[in-house]
Amino acid sequence: ICSGRRAAAASFIVAASSSRIPMDEEMLSIPISNSIYAVLKRRENYLCSLLQKKFGCICVLKSIRNPMEVYRKSLKEGVEVSVWVDDFTRHEADALVNAANEYLHHFGGLAFALLKAGGPEIEEQCKLFVEKNGPLSPGQIVVTSGGRLPCKQIIHAVGPRWSEDQKEECCLKLEAAIINVLKYVNAPENNIKSVAIPALSSGIFNFPQDWCAQVIVQTIRNFVQLAPLFGYLQEIHLVNIDETTADVMKRACEDLIGINDIVPQLDITDSIRIEKIHNPLLESAFQSVKRKIEGRNTGMPVCHRLYHHVPAQYSTHLYCHYNENMVKQLAFVSFFSDQKYGAGIYFKKNPRKLVADTREKCEMDHLICVFEAEVVTGLYTRGNRSYVAPPLINTSSMKLYDSVVDDIHNPEIFVVFNKEQALPLEKGFIFTYQ
C-alpha cells in the first residue's frame, strides 16, 4: 500500500509469494487515499499477516510522493540540467547513478534501497565484478543492469569518504567520479538519453552537502562546456529524496549554471492601476538627474525601464491602504537584507524573475508588490557588498559610476544609490503565488 505526501500518488501493492510464479509478473498496485493509508498504517502488521495467511501474498505498505522538479536549465548542445525531489528508486531515467562503496556492498543508504527495489540480479553482477577485478578505488565506476528498476542501467560510482585533513583530495575524487559517469553516458554507443545523479558521498560518507553540490554542479558545467560533442545524452537529473539536499543542489545550480528556467505559477488576484504621480518636486528632481547624467554620457542611452518589489511584510499594508503617497514613500526603498551588490535600491530587468526570486524570500503572507519605473542607470560597473555609493571610475578624475550591476556584459540587476534616479511609472501590480 502506498500513499504520498503533498499531492502524491497512493497505491496498494501486493506481490504473489508463490515460488511457482515470478514475482515481477504478479505485482498488483491499488490506489488508496492518504486518509485510508493513515488508518491502515496503524494496523500494518495485522494487515500484512492477514493477506499472507489468507491469500499467500506479500503486502507492502509504503509512503510515496510524486516527483517534483525544482530547477531546470538548458546548456550547450541542448543538454538540460534539472534538480528533482524524488524517490530515486522510482525516478525515470535511462541510467541511475548509485552511491557505491569500494566492494560494491549494498549495506545501507541509497545502495540498499536500489538493491531492494531492483532485485538480486544487481547484487549478483556486482559480486561477480569484484571477484574478477577486485575492489574499486574512489572515482571509479561499474555498470550493471537495472533489474526491476525503471532504468536501462545502474552506474555504481564510488565517491570519497570525507576527511577534514584531505579536503582538496576528496573534492578531486568526487570530481573524478562525476566525470567518469558523464563520459560513460555521453558515449553514443551506450544510448543513454537521461541520467539521474544523487548527492554522491553526502550520506554515510559524510561529504558536506554544500561542498558536494558545488563539486558536482561545477563538474557538470565544465564537462558540458568543454566536451567537443554530445551523443545521445539530453538530460542530467540531480535527484534527492530529501528536500533540504535538493534545495542545496538547486542553489549550487543557480550560482554556477544560471537562473532557474522554471517560472513559478502565479495567480494575479488584483491588478491595480496607479495614476501617474504628479508630484512636481519628485519629477523635477528625477529629470534634473537624468539631464546631468545624459550630459556626462553623450550619445549613450542612460535610462532603463526596470522593476522593483516591496517585500511581503509590507504588501498587505499597501494593499489595504493604496494611495499615491504610500507608493511615493515605499516603492523605491532598499528593503533587501542580502545586499550583494551594495547598500542601494535594487531593480530588475525581468519582472517574472523578480517575482520568482521574491517568492523564495517573502513567505509571510504570499503577496508580492511589483512596480515599474524609469531608472537612470548611466555608466555602470559590477557591484560589491561593501559599496554604499557607486565606486570611482578612476582616481585621477574623481568621477563616480552612476550605478552598479550584477554582470556588466548582461546585467539583470541594477542598483542605484540615489532615490532621485528612479521615477515610478503608471502601473503597479500585486501578485499572490500558490
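Modeller: Let's start with how the pieces get their names: helices (H or I, at least four residues) and strands (E, at least two) are DSSP runs, numbered from the N terminus. This is a predicted model, so local features need pLDDT of at least 70 and side-chain atom pairs count only at pLDDT 80 or more, while totals for chains, interfaces and linings use all residues. Residues are numbered from 1 along each chain as its sequence is written, and side-chain values use heavy atoms, with hydrogens and water left out.

The protein has eleven helices and 22 strands, and I'll pick α6, which spans residues 209-226. Let's come at α6 from the loop that joins β11 (194-197) to it, where Ser201 sits. Ser201 has a phi near 75 degrees, a positive value in a residue other than glycine. Ser201 is also buried, at 6% relative accessible area; buried means under 20%, exposed means over 50%, and partly exposed is in between (1.4 Å probe, protein chains only). Of the 434 residues in the protein, 45% are buried.

Now for the helix and its partners. Two packed helices are described by the angle between their axes and the distance between the axes. Here, axes are lines fitted to C-alpha atoms, for helices over the stretch in contact, with angles running from 0 to 180 degrees between N-to-C directions. The axes of α5 (residues 167-186) and α6 come within 9 Å and cross at roughly 45 degrees. That makes α5 and α6 oblique to each other: under 35 degrees is roughly parallel, over 145 roughly antiparallel, 65 to 115 roughly perpendicular, and the rest oblique.

By class, the contact of α5 with α6 splits into eleven nonpolar, two polar and three charged residues. For these classes, Ala, Val, Leu, Ile, Met, Phe, Trp, Tyr, Cys and Pro are nonpolar, Asp, Glu, Lys and Arg are charged, and the others, Gly among them, are polar.

What about the cysteines, Cys171 and Cys212? A disulfide is a pair of cysteine sulfur atoms within 2.5 Å, and by this rule the count is zero. The closest cysteine sulfur to that of Cys212 is in Cys171, 9.3 Å away, which is too far for a bond. Cys212 itself is buried, with a relative accessible area of 1%.

Helix α6 has another partner, α7 (residues 243-256): their axes come within 9 Å and cross at roughly 45 degrees. So α6 and α7 are oblique to each other, and their crossing is right-handed. Gln209, Ala213 and Val217 are among the α6 residues in this contact, and Val248, Met249 and Cys253 are among those from α7. The contact of α6 with α7 has eight nonpolar, five polar and four charged residues.

Key. A crossing is left-handed if the near helix is turned anticlockwise from the far one by less than a right angle, and right-handed if clockwise. Contact means heavy atoms within 4.5 Å.
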